[in-house]
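Student: I have a model open and want to learn how to read it. Where do we begin?

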Amino acid sequence: MTTREINGYQLQRVREHVWEIPQEGEMRVPARLLASESLLDQIGDDNTLDQITNATQLPGITTHALCMPDGHQGYGFPVGGVGAIDAENGCISPGAVGFDINCGVRLIRTNLTYDDLRGREEELVNALFANIPTGIGHGGVVETDVGTVTEVLDRGLDWAVEEGYATRDDMLHCEDEGRRPDADSAFVSEDAKNRGKNQIGSLGSGNHFLEVQRVTEVFDDNVADAYGLQSDQIVVMIHCGSRGLGHQVCKDYVNRISEEHAEFNADLPDDNLAAAPAGSQVAEAYYGAMGAAINFAWVNRQLLTYQTRQVFERVFGRSWEDMGMELLYDVAHNIAKKEIHAVDGENRELYVHRKGATRAFPAGREEVPRAYREVGQPVLLPGSMGTGSYVLRGGDGSLSESFGSTAHGAGRLMSRTQAKREYGASDVQTDLRDHQQIYIKAEDGETIAEEAPGVYKDIDDVVAVSKDLDLADPVARTVPVCNIKG
């Protein structure tokens, strides 16, 4: 058996792209990393291995803790981490979900081609930037009151449909149809609601973006046809989450759980992994609050979709319906859901924590929207603003390998601090425009430096691992045309 030592850990090669840190000491299960040799080297550059090993100590965790090929260091639980924990005798951990609850990605189709857009890139990027709220504390498409926020938390996209910001088809092409049935705004603090009331329909900052893209390659004609994709088509990708509201929910419950269940958490190696025992009052409260924040994020992305449609109408002089601006899919990251999975040949209900990982269910699974059930769930993997992104479909191997999960993007290779030392915003912006015809506009120049293409891992390597392990199969590749950021 091939073994590699990285940062003091002995990693055993189970098979191609599957590496395992054997169970020992306080570990309840082994830790597994799904990575190529080159990606494994990059994972070893930070504390990812410490964090995924620490995660194996969460009570009730089953089979193994997993790190996806885009994995990197996070807070407590690594970004790219997946942990499936018994929903009856285990726990739920806000830190294993993350602060930006339901940070996710959606893709909007159009019937425009690159020729329809060529020469108008600057006009479009300026119009999007002028009409899409970006940055920290700059308001949203809707600035409202706590009462409306409460409705959004409880109803999700139902609220957006009723208010005219979404269509029924938008709901049918969103994970969970854009509404968590177990969401309960009563478990969301007033502080969180107040943080959300001026952020509904806003990108925020950091790695969040709205990007107009061009489909450059189609790998599977049949699935691409089912998804409504073809070569040279213009699509729009939106990446953002629950903003300050989700952050506050996570903070509130990490603090509450640490206080109310100190003894339960006493043996955990990292305070950021604080977990509530399954069935406890605080576990149920967090699950309801998390579901509400999930709803908020879906509405947030929906309002950005609404605003994007309005901008395209003004720039191209046609209705969004005439341009075919329909939602292909919206997929969530940073989530824990009760799901049924086979463990040792027995179906069990598990809290599947996906932090910086995305669901990748194969064809036939009932959670996949009816429109895609015969071909598999769309999986959206954004790359950097200078490389490209992928549309994949959930693979048959995902359920047995990773509890129906795969990577959520390229994954950071470099810290934000290091990125700002190595890249200049104007240089990145100019280089992308002059050499790749990619137009970038951001609220803060530092954001461009922090998100430079060289800051991220090679998205092609990440996708190759996902494909080889049959977690998700490539359907199409896109490249950026215009990108706006906070």
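Tutor: This is a predicted model. Begin with Glu122, which lies in helix 4, residues 121-131.

Student: Is Glu122 buried, partly exposed or exposed?

Tutor: Read the relative accessible area. Buried means under 20%, and exposed means over 50%. Glu122 has 49%, so this residue counts as partly exposed.

Student: How far apart are Glu122 and Glu217 in sequence and in space?

Tutor: They are 95 residues apart in sequence. From C-alpha to C-alpha, the distance is 24 Å.

Student: How do I read the faces of a strand?

Tutor: In a regular strand, side chains alternate between the two faces of the sheet. Now take strand 4, residues 31-34. Ala31 and Leu33 point to one side, Arg32 and Leu34 to the other. All of these are buried, so both faces are covered.

Student: Which strands pair with strand 4, and in what sense?

Tutor: Strand 3, residues 18-21, pairs with strand 4 in the antiparallel sense over 4 bridges. There, Trp19 stands opposite Leu33. Strand 5, residues 65-75, runs parallel to strand 4, with 3 bridges between them. In that pairing, Arg32 stands opposite Leu66.

Student: What does the whole protein look like?

Tutor: Count the elements: 17 helices and 20 strands. The radius of gyration is 21 Å, close to the 23 Å from the globule rule for 486 residues, so the protein is as compact as a globular protein of that length. The C-alpha trace spans about 65 × 50 × 45 Å along its principal axes.

Student: What share of the residues is buried?

Tutor: Of the 486 residues, 62% count as buried.

Notes:
Residues numbered from 1 in each chain as written. Predicted model: local features only at pLDDT ≥ 70, side-chain atom pairs only at ≥ 80, totals over all residues. Heavy atoms only, no water. Buried < 20%, exposed > 50% of the residue type's maximum accessible area, 1.4 Å probe, protein only. Helix = DSSP H or I, 4+ residues; strand = E, 2+ residues; numbered from the N terminus. Pairing = 2+ DSSP bridges. Rg over C-alpha atoms; globule rule 2.2 N^0.38 Å.
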